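Subject: Structure for you to look at

Hello,

Here is the structure I promised to pass on. Please open it beside this message and follow along.

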Amino acid sequence: MKADADLIARLRQVIPFRFLKERALIKFITSCRSREFAPGKFIMRQGDSQDLAVYILLSGQVEVVDCRSGAPVRTNTIEPNHYFGEWEVIFGVPRVFGIRAMETSQCLVFPGSVLMKLLDTEVAFAQALSGILRERQGIFRAFELFSAELARGVGYG
């Protein structure tokens with residue numbers, strides 16, 4: 001995909017991509033492809049372990065759905081300039097939820113290996129993403145609760 005000024009400006013609005021240096025951002029864009037999804041089409045299916053791509057929603061709206069009880073149940077919606085699919089790539093697990101287009105939606109799609117390379121080589125990017133995982137997604141919440149309880153127990157002897 002060609003790195004044009006509009007796309008660069010859009011990605012500068014998306015944390016953690018705004019922390020990539022110009023050269024790294026242009027290289028990143030060349031690893032992406034653009035895909036359009038029709039309303040009702042699944043972008044990712046819950047439980048899938050074959051699709052290791054990450055998505056940045058450029059336009060439209062998508063819903064996060066849980067299909068464990070049969071019919072899909074919406075748990076969240078995703079607006080443009082947000083990404084999804086990173087969790088499963090980072091932690092090497094099958095897709096936790098399905099993602100379905102609610103309206104015609106345009107996404108940048110890139111391989112999970114590109115995300116992992118960015119995490120390995122771009123410190124500011126990695127720090128921004130880790131902050132999001134920690135604060136918004138609470139990946140260390142259980143550990144922090146355990147640590148607090150352990151410290152409390154030590155304090156009581």
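**Cavity and pocket**

The structure holds 1 cavity of 30 Å³ or more. Please keep in mind that this is a predicted model.

The largest cavity has a volume of about 30 Å³. Which residues line the largest cavity? They are Pro-16, Phe-17, Val-54, Tyr-83, Glu-86, Leu-115, Phe-125 and Leu-129. Some of these names come back below.

Next, the second largest pocket. Its volume is about 250 Å³. Its lining includes Lys-21, Lys-27, Phe-28, Val-114, Lys-117 and Leu-118. Two elements, α2 and α4, each give two or more residues to that lining.

Rolling a probe the size of a water molecule over the atoms shows where empty space is left.

**Aromatic pairs**

The count of aromatic pairs comes to 8. Start with Phe-17 and Phe-110. Their ring centres are 6.0 Å apart and their planes are at 85 degrees, so this pair is edge-to-face. Planes over 60 degrees apart count that way. The pair links distant parts of the chain. Phe-17 sits in the loop between α1 (5-11) and α2 (22-30), while Phe-110 sits in strand β8 (residues 105-111). They are 93 residues apart. Are Phe-17 and Phe-110 buried or exposed? Both are buried.

Now look at Tyr-55 and Phe-84. This aromatic pair is stacked, at 5.2 Å centre to centre with 5 degrees between the planes. Tyr-55 belongs to strand β3 (residues 53-59) and Phe-84 to strand β6 (residues 82-84), so the pair ties together parts that are 29 residues apart in sequence. Tyr-55 and Phe-84 are both buried.

There is also a cluster. Ring pairs join Phe-17, Phe-28, Tyr-83, Phe-110 and Phe-125 in it. Phe-17, Tyr-83 and Phe-125 are also among the residues that line the largest cavity. Phe-28 is one of those that line the second largest pocket.

**Helix α4**

Which residues of helix α4 (residues 112-121) are buried? They are Gly-112, Val-114, Leu-115 and Leu-118. Seen down the axis of α4, these buried residues fall within an arc of 160 degrees, so they line one face of the helix. An α-helix has 3.6 residues a turn, so residues three or four places apart point the same way.

What do the buried residues of α4 pack against? The list is α2, β3, α3 (86-91), β8 and α5 (123-135). On the other side of α4, Ser-113, Lys-117 and Asp-120 are exposed.

**Salt bridges**

Side chains of opposite charge can pair when their charged atoms come close. How many salt bridges does the structure hold? It holds 5 salt bridges.

Take Glu-22 and Arg-12. Their side chains meet in a salt bridge at 3.3 Å, N to O. Glu-22 lies in helix α2 and Arg-12 in the loop between α1 and α2, so the pair ties together parts that are 10 residues apart in sequence. Glu-22 is partly exposed, with a relative accessible area of 43%. Arg-12 also counts as partly exposed, at 26% relative accessibility.

Then go to Glu-63. It forms a salt bridge with Arg-74, and the closest N and O atoms are 2.7 Å apart. Glu-63 lies in strand β4 (residues 62-66) and Arg-74 in strand β5 (residues 73-78), so this pair ties together parts that are 11 residues apart in sequence. Glu-63 counts as buried because its relative accessibility is 7%, and buried means under 20%. Arg-74 counts as partly exposed, at 48%.

Arg-100 forms a salt bridge with Glu-63 as well, again with the closest N and O atoms 2.7 Å apart. Arg-100 is in strand β7 (residues 98-101) and Glu-63 is in strand β4, 37 residues apart.

**One more residue**

Finally, find Glu-88 in helix α3. Glu-88 is buried, with a relative accessible area of 7%. What does Glu-88 touch, not counting residues up to four places away in sequence? Its contacts are Val-93, Pro-94, Arg-95, Val-96 and Phe-97.

Best wishes

Key: Residues are numbered from 1 along each chain as its sequence is written. This is a predicted model: local features need pLDDT of at least 70, side-chain atom pairs count only at pLDDT 80 or more; totals for chains, interfaces and linings use all residues. Side-chain values use heavy atoms; hydrogens and water are left out. Rings of Phe, Tyr and Trp (its six-membered ring) pair if their centres lie within 6.5 Å; planes under 30 degrees apart count as stacked, over 60 as edge-to-face and the rest as tilted. Helices (H or I, at least four residues) and strands (E, at least two) are DSSP runs, numbered from the N terminus. Buried means under 20% relative accessible area, exposed over 50%, partly exposed in between (1.4 Å probe, protein chains only). The arc is that of the directions from the helix axis to the C-beta atoms. Contact means heavy atoms within 4.5 Å. A salt bridge is a side-chain nitrogen of Lys or Arg within 4 Å of a carboxyl oxygen of Asp or Glu. On a 1 Å grid over the protein atoms alone, a cavity is a set of points where a 1.4 Å probe fits but cannot get out, and a pocket is an open set with protein on both sides within 12 Å along at least five of seven lines; lining residues have an atom within 4 Å of a point. Grid points are joined across faces, edges and corners, and a volume is the space filled by probe spheres set on the points.
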